[in-house]
Amino acid sequence: MDLLSQIISRKRERLEEAKRALPLERLRSDAFAKREGAAPHVLLTALQSDAINVIAEFKRRSPSKGVIRADADLAMIVRSYEAGGAAAVSVLTENDYFDGSLADLEAVKTFVALPVLRKDFVFDRYQVFESAAAGADAVLLIVAVLDDRQLESLRLLTEELGMDALVEVHNSQEMDRAAGCGAKLVGVNNRNLRTFEVSLETSIQLAPLAPRDALLVSESGLRHASDLERLREHGFSGFLIGESLMRARCPEAALRELRNDTR
């Protein structure tokens with residue numbers, strides 16, 4: 001099994017545990033109650049700004065890099081992101097390979113007023129309801145782990161709840177599938193999920209193939225302001241950045257530098 005398959009296999013086990021602890025119908029009720037009165041599609045709205053829109057990510061570790069920031073202070077880091085001008089916050093909630101949790105996402109919602117994206121390996125309706133109940137404003141849907149029926153169904157459910165679906169692609173075939181499911185927000189991951197190698201050329205090559213009415217987000221391997229400026233020229237409206245900000249001594253200053261904010 002490659003790493004992606006291992007992650008999904010373990011995720012399925014955890015999902016069955018969650019379903020036994022909290023039945024779907026109860027979770028569904030909790031999800032719609034949580035979303036009642038919540039502003040819809042706040043991530044999509046935030047990324048429509050003409051500014052350099054960074055989705056700043058909180059993650060403790062990754063399979064490719066190991067521990068990124070030991071004893072990471074969740075409150076300090078996400079508040080630094082907000083002070084540094086982040087458009088949104090992404091929270092890794094996968095437990096076994098990234099040391100994340102839904103509790104992290106719930107905490108972030110109490111610390112900042114920014115839109116919050118749940119970044120995880122989502123393949124079941126239960127997980128969308130779980131995301132909404134935890135306070136997520138958006139959910140990552142990875143085309144590589146979904147068939148076409150799942151992809152469209154999960155996107156529609158996410159939007160029914162007033163959240164945004166960031167549909168993530170890695171190649172031209174996946175971009176075609178994202179377009180086919182009606183994706184309004186497309187993330188191009190520069191990291192190959194099977195080898196974990198990174199190349200910004202992935203974003204540049206796939207941008208012309210995106211649906212005309214979709215907003216584009218470039219993900220992974222973004223380290224310099226020049227990277228963001230280059231990708232803006234190719235039509236990207238948002239930039240999901242995690243590791244470089246998590247490793248920075250002062251995340252706020254690092255984010256301002258990426259955004260060319262000299263204040």
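The model is predicted, so local features need pLDDT of at least 70 and side-chain atom pairs count only at pLDDT 80 or more, while totals for chains, interfaces and linings use all residues. Residues are numbered from 1 along each chain as its sequence is written, and side-chain values use heavy atoms, with hydrogens and water left out. The protein has 12 helices and 10 strands; helices (H or I, at least four residues) and strands (E, at least two) are DSSP runs numbered from the N terminus.

**Overall form**

- The C-alpha trace spans about 50 × 40 × 40 Å along its principal axes.
- Of the 263 residues, 56% count as buried, where buried means under 20% relative accessible area, exposed over 50%, and partly exposed in between (1.4 Å probe, protein chains only).
- Carbon and sulfur atoms hold 46% of the accessible surface of about 11,300 Å², computed by the Shrake-Rupley method with a 1.4 Å probe; for residues, only the protein chains shown count as cover.
- Among contacts (heavy atoms within 4.5 Å) between residues at least 6 apart in sequence, 68% join residues at least 24 apart.

**Helix α6**

- Helix α6 is mostly covered, with 8 of its 10 residues buried; among them are Y126, F129 and A134.
- The elements covering the buried residues of α6 include α1 (3-21), α2 (24-35), α5 (102-111), β5 (116-119), β6 (138-142) and α7 (148-160).
- At the start of α6, a side-chain oxygen of D124 comes within 2.8 Å of the backbone nitrogen of Y126.
- Just after α6, G135 adopts a positive phi of about 105°.

**Residue S131**

- S131 belongs to helix α6 (residues 125-134) and counts as buried because its relative accessibility is 0%.
- The side chains of S131 and R118 are joined by a polar contact of 3.0 Å; such a contact is a pair of N or O atoms within 3.5 Å, in which, within protein, one must be able to donate a hydrogen and the other to accept it, and residues adjacent in sequence count only if both atoms are side-chain atoms.
- Apart from neighbours within four places in sequence, S131 is in contact with R118, A136 and V139.

- Strand β4 (residues 88-92) runs parallel to β5 and is joined to it by 4 bridges; strands pair if DSSP finds at least two bridges between them.
- V116 of β5 is the bridge partner of V89.
- β5 and β6 also run parallel, joined by 2 bridges, and L117 stands opposite A138 in β6.
- A right-handed β-α-β unit is made by β4, α5 and β5, and another right-handed unit by β5, α6 and β6; right-handed means that, with the strands pointing away from the viewer, the path from the first strand over the helix to the second runs clockwise.

**Positive phi in loops**

- D71, not a glycine, has a positive phi of about 50°; D71 lies in the loop between β3 (66-67) and α4 (74-83) and is exposed at 80% relative accessible area.
- S220 has a positive phi near 80°; S220 is in the loop between β9 (215-219) and α10 (225-232) and counts as buried at 12% relative accessibility.
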